[in-house]
Protein chains: 2
Amino acid sequence: MKNKEAKTKYPIHPNLKKRWSPRAFDEKPVEKDKIRRLFEALRWTPSSYNQQPWRLIIGFKGDETYTLIMDALSSRNQSWAINAPVLIAVFGRKFQNNSEDNNKVYQFDVGQSMAYLTVQAMEENLYVHQMAGIKPEKMVENFEVPVQYKPLTAAAIGYIGDPEILPENMYDSEIAERTRFDFDEIIFSGKFGRKSSLFEK
Amino acid sequence: MKNKEAKTKYPIHPNLKKRWSPRAFDEKPVEKDKIRRLFEALRWTPSSYNQQPWRLIIGFKGDETYTLIMDALSSRNQSWAINAPVLIAVFGRKFQNNSEDNNKVYQFDVGQSMAYLTVQAMEENLYVHQMAGIKPEKMVENFEVPVQYKPLTAAAIGYIGDPEILPENMYDSEIAERTRFDFDEIIFSGKFGRKSSLFEK
């Protein structure tokens, strides 16, 4: 969908330009080899002291894991995620490996790992929609998650589907243009909030 | 450096395969247009409710911002980062926009944004070395950071340099092969810790 391509001022990698987070997924199953490549990409994410705090549980539509992940999504996310052929639950290791010292950047690093998975997904013509809306206690209960790990997010993965399958309120955001803050609102120099001369008009 | 390419079992996007985090940077300055494209890539990162919690301060070697970022790095990171032509400090907005409700995934989303920046960097033949080792109080003091924002990490950006410029302990890791956990240690099914059949040997 042309309308969803990022309206960039400067050219960027085509995978990043076309990436977005649909709610309408096609029912077509995702090839296992593609999923393996997604996780291979994720595996090589950088992390503080190479701690690799990312842990993932994957479910395919029709299997028990899928049902258990679905059960632990917010009800709003359940309403559209049910279309996706693949669901993953995303966890982070709170501590440094082999220690009870906190890893201060574990959520930051798990976020990175999902970005790498998403970049590889675009390469495979697959789309990823990540969700902060999960029920963490349900995740812990359904999957017997040890205390060292924290449920963080979930994600739906699949081929893009027809927006018409969505209810009206979701349909509108599905076809809306993507928007972002201007550079001056996020890139600073000298002092927090002071715009950088890099982006002077 | 061939030795630093990820030894993948499944093929992945070349930018992800060749990405790594050097400490030896070339003194060659980075073109401003390349930096603009890095931030353009970062800007289009997905985030929960499109909150875009990422904020960045950029310094170029020789300017005051660079010195202020350098001052807020851990001393170990200072020892090698001084070679990099560009330094950025990375902050996250703790709350939802226009509210004092916490954003539970802001660190996760800022992590994603740095991954997108890094993917674009590889496209530009630039390398990024992220650092968790910062002095957060120094960041707050040096840049007058408002309470809604938290200093998270920093990053060095530049062209790759000669490992010989590094002290011996850092030289060794600079030329070492990259390693990661096996799939069975991070990708589960059915229950946390139970390996997925996706990766059966």
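How many helices and how many strands are there in chain A? Chain A has seven helices and five strands. The model is predicted. Along the sequence, the elements of chain A follow the pattern α-α-β-α-α-β-α-β-α-β-α-β. The radius of gyration of chain A is 18 Å, close to the 17 Å that the globule rule gives for 201 residues, so chain A is as compact as a globular protein of that length. The C-alpha trace of chain A spans about 55 × 50 × 30 Å along its principal axes. Among the 201 residues of chain A, 48% count as buried. Of the contacts in chain A with a separation of 6 or more, 72% are accounted for by residues 24 or more positions apart.

**Relation of the two chains**

**The interface**

In chain B, 63 residues are in contact with 63 residues of chain A. Several elements of chain B each supply at least two residues of the side that touches chain A, and they are listed with their residue ranges below.

| Element of chain B | Residues |
|---|---|
| Helix H2 | 32-43 |
| Strand E1 | 54-60 |
| Helix H3 | 64-71 |
| Helix H5 | 106-123 |
| Strand E4 | 149-158 |
| Strand E5 | 187-189 |
| Strand E6 | 191-195 |

H5(B) gives the largest share of the side of chain B that touches chain A, twelve residues. By class, this side of chain B has 34 nonpolar, 15 polar and 14 charged residues.

Strand pairing also crosses between the chains: strand E1 (residues 54-60) of chain A pairs with E5(B) in the parallel sense over two bridges. Ile57(A) has Phe188(B) in E5(B) as its bridge partner.

**Strand E3 of chain B**

Strand E3 (residues 127-131) of chain B is largely enclosed by the rest of the structure, because five of its five residues are buried. In a regular strand the side chains alternate between the two faces of the sheet. From E3(B), Tyr127(B), His129(B) and Met131(B) point one way, while Val128(B) and Gln130(B) point the other way, and all are buried. E3(B) and E4(B) run antiparallel and are joined by five bridges. The bridge partner of His129(B) in E4(B) is Ala156(B).

**The nonpolar core**

In soluble globular proteins, nonpolar side chains tend to be buried together. The largest nonpolar core here has 116 residues, of which Ile88(A) and Ile88(B) touch the most other members. Leaving aside residues up to four places away in sequence, Ile88(A) touches Leu56(A), Ile57(A), Ile58(A), Ala154(A), Ala155(A) and Ile157(A). Ile57(A), one of these residues, is also the bridge partner of Phe188(B).

**A partly exposed residue**

Is Thr67(B) buried or partly exposed? Thr67(B) lies in helix H3 of chain B. This residue has 14 C-beta neighbours inside 10 Å and therefore counts as partly exposed. Thr67(B) and Asn142(B) are 75 residues apart along the chain, and their C-alpha atoms are separated by 9.9 Å.

Definitions and conventions. Residues are numbered from 1 along each chain as its sequence is written. Chains are lettered from A and ligands numbered from 1 in the order in which they are written. This is a predicted model: local features need pLDDT of at least 70, side-chain atom pairs count only at pLDDT 80 or more; totals for chains, interfaces and linings use all residues. Two residues are in contact if their C-beta atoms, placed from the backbone, lie within 7 Å. Helices (H or I, at least four residues) and strands (E, at least two) are DSSP runs, numbered from the N terminus. Ala, Val, Leu, Ile, Met, Phe, Trp, Tyr, Cys and Pro count as nonpolar, Asp, Glu, Lys and Arg as charged, and the others, Gly among them, as polar. Two strands pair if DSSP finds at least two bridges between them. A residue is buried if 20 or more other C-beta atoms lie within 10 Å of its own, exposed if 12 or fewer, and partly exposed in between; C-beta atoms are placed from the backbone. The radius of gyration is taken over C-alpha atoms; the globule rule is 2.2 Å times the number of residues to the power 0.38. A nonpolar core is a set of buried Ala, Val, Leu, Ile, Met, Phe, Trp, Tyr and Cys residues joined through C-beta atoms within 7 Å.
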